[in-house]
Amino acid sequence: VNAQQRLNYDRIAHIYDEPFRDHASDPHLARFLAERRDLEPGNLRVLDMGYGTGKQLSANRGDYPAALLVGRDLFRGMLAHARKRGPDVCWFNGDSARAPFADASFDYITNQFSYPHVLNKSELWAETFRLLKPGGRFVLTNIDPWLMQDWAIYRYFPTALTRDFRDYLPTGQLVAALEQAGFAEVEVDYRHVYKDERLADVLAFVGLRARTSQLMAISDAEYDAGLAKVRADIAERGDDAPVSSHLCYITVQAQKG
Ligand SMILES: C[S@@+](CC[C@H](N)C(=O)[O-])C[C@H]1O[C@@H](n2cnc3c(N)ncnc32)[C@H](O)[C@@H]1O
């Protein structure tokens, strides 16, 4: 693993598969197909870049029994889980920024919570564009750290935000990079989640460090300092004291041709 790599998923593959990451069949794929009545379900080709433990493509299978579903993920530990979950999906191991498939192989490509881990992002956009068929669609989902600096995790672990400023792109720059790679009709949807969390729940969440790449990407000393701040807050204000938190999810949809 390259020293710049945000996180070695082989270290946490065995605990990554938590129920809160479960997926329904991809609603953006359903919308794409509703617009593209010309596409025969039997000819549909879908690629998931950075598939994790394979939940999205496996969830899609029931709705698209005849489609070719293909995944690519850098870490072999994730591949082992995905294979078990989806024996009828083609899982590949390797970097999404260099995917050895032929030009124009896919109708639809998704990238969910994975692009910040890819070191060469401009190669990733160029590769995604190359792999799509004309008329194909790319859908990316993630968070926007610039719009959620009030996230409880960033408040207690401020170097996680600094690290995310390095690994993520501000959404305007992401859109510009996709347009530069050749994509058209690039649209962004924002979903804001505001909540008050109990301090004890925050502690329980961040106590499982491997659950959140933000906590794995910082040093042990920075992680320990953040945990100590949560504990000190609990000592002062009690388990039930509220912590306000804000998350912003983005979905970016882009067309080829
Ligand atoms: C936060 S997980 C998201 C997994 C899945 N898409 C989900 O939403 O549950 C990030 C995934 O990106 C993968 N990954 C990291 N760097 C990658 C790269 N350069 N190319 C492909 N996959 C990569 C990791 O192995 C991991 O499975």
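## The ligand and its surroundings

An oxygen atom of the ligand has a polar side-chain atom of Ser114 at 2.9 Å. Of the ligand's 600 Å² of accessible area on its own, the protein covers 94%; areas of this kind come from the Shrake-Rupley method with a 1.4 Å probe, and for residues only the protein chains shown count as cover.

Before going further, a word on the source: this is a predicted model, in which local features need pLDDT of at least 70 and side-chain atom pairs count only at pLDDT 80 or more, while totals for chains, interfaces and linings use all residues. Residues are numbered from 1 along each chain as its sequence is written, and side-chain values use heavy atoms, with hydrogens and water left out.

| Residue | Protein atom | Ligand atom | Distance |
|---|---|---|---|
| Gly50 | polar backbone atom | nitrogen | 2.8 Å |
| Leu74 | backbone N or O atom | nitrogen | 3.2 Å |
| Ser114 | polar side-chain atom | oxygen | 2.9 Å |

These pairs are polar contacts, a term for N or O atoms within 3.5 Å; within protein, one atom must be able to donate a hydrogen and the other to accept it, and residues adjacent in sequence count only if both atoms are side-chain atoms.

How many residues surround the ligand? There are 19, and the closest are Gly50, Asp73, Asp95, Ser96 and Gln112; a residue counts as near if one of its heavy atoms lies within 4 Å. By type, this shell divides into eight nonpolar, nine polar and two charged residues. Here Ala, Val, Leu, Ile, Met, Phe, Trp, Tyr, Cys and Pro count as nonpolar, Asp, Glu, Lys and Arg as charged, and the others, Gly among them, as polar.

## Strands side by side

Now to the strands. Strands (E, at least two residues) and helices (H or I, at least four) are DSSP runs numbered from the N terminus, and two strands pair if DSSP finds at least two bridges between them.

Strand β4 (residues 106–112) is largely enclosed by the rest of the structure, because seven of its seven residues are buried. Buried means under 20% relative accessible area, exposed over 50%, and partly exposed in between (1.4 Å probe, protein chains only). On one pairing, β4 runs parallel to strand β1 (residues 45–49), joined by four bridges, and Met49 has Asn111 as its bridge partner in β4. Another pairing, also parallel, links β4 and β5 over six bridges; there Asn111 stands opposite Leu140 in β5.

Strand β7 (residues 242–255) is mostly covered, with eleven of its 14 residues buried. It is also joined to strand β6 (residues 184–198) by 13 bridges, again antiparallel, and Val188 stands opposite Val252 in β7.

## Phe138, a residue inside β5

Phe138 lies in strand β5 (residues 132–143). Is Phe138 buried or exposed? Phe138 is buried, because its relative accessible area is 1%. Leaving aside neighbours within four places in sequence, Phe138 is in contact (heavy atoms within 4.5 Å) with residues including Ile109, Trp125, Leu178, Phe183 and Val252. The C-alpha atoms of Phe138 and Gln112, 26 residues apart along the chain, are separated by 11 Å.

Asn60, in helix α3 (residues 55–61), counts as buried because its relative accessibility is 1%. Beyond residues up to four places away in sequence, Asn60 touches Ser25, Asp26, Leu29 and Leu69.

Arg211 sits in the loop between α9 (199–207) and α10 (213–216). The side chain of Arg211 makes a polar contact of 2.9 Å with the side chain of Glu18, and Phe20 and Ala204 are among the other residues that Arg211 touches.

Finally, some backbone angles deserve a look. Most residues other than glycine have a negative phi. Ala104, in the loop between β3 (90–93) and β4, has a positive phi near 55°, and at 33% relative accessibility it counts as partly exposed. Phe113, in the loop between β4 and α5 (121–131), also has a positive phi near 55°, and Phe113 counts as partly exposed at 42% relative accessibility.
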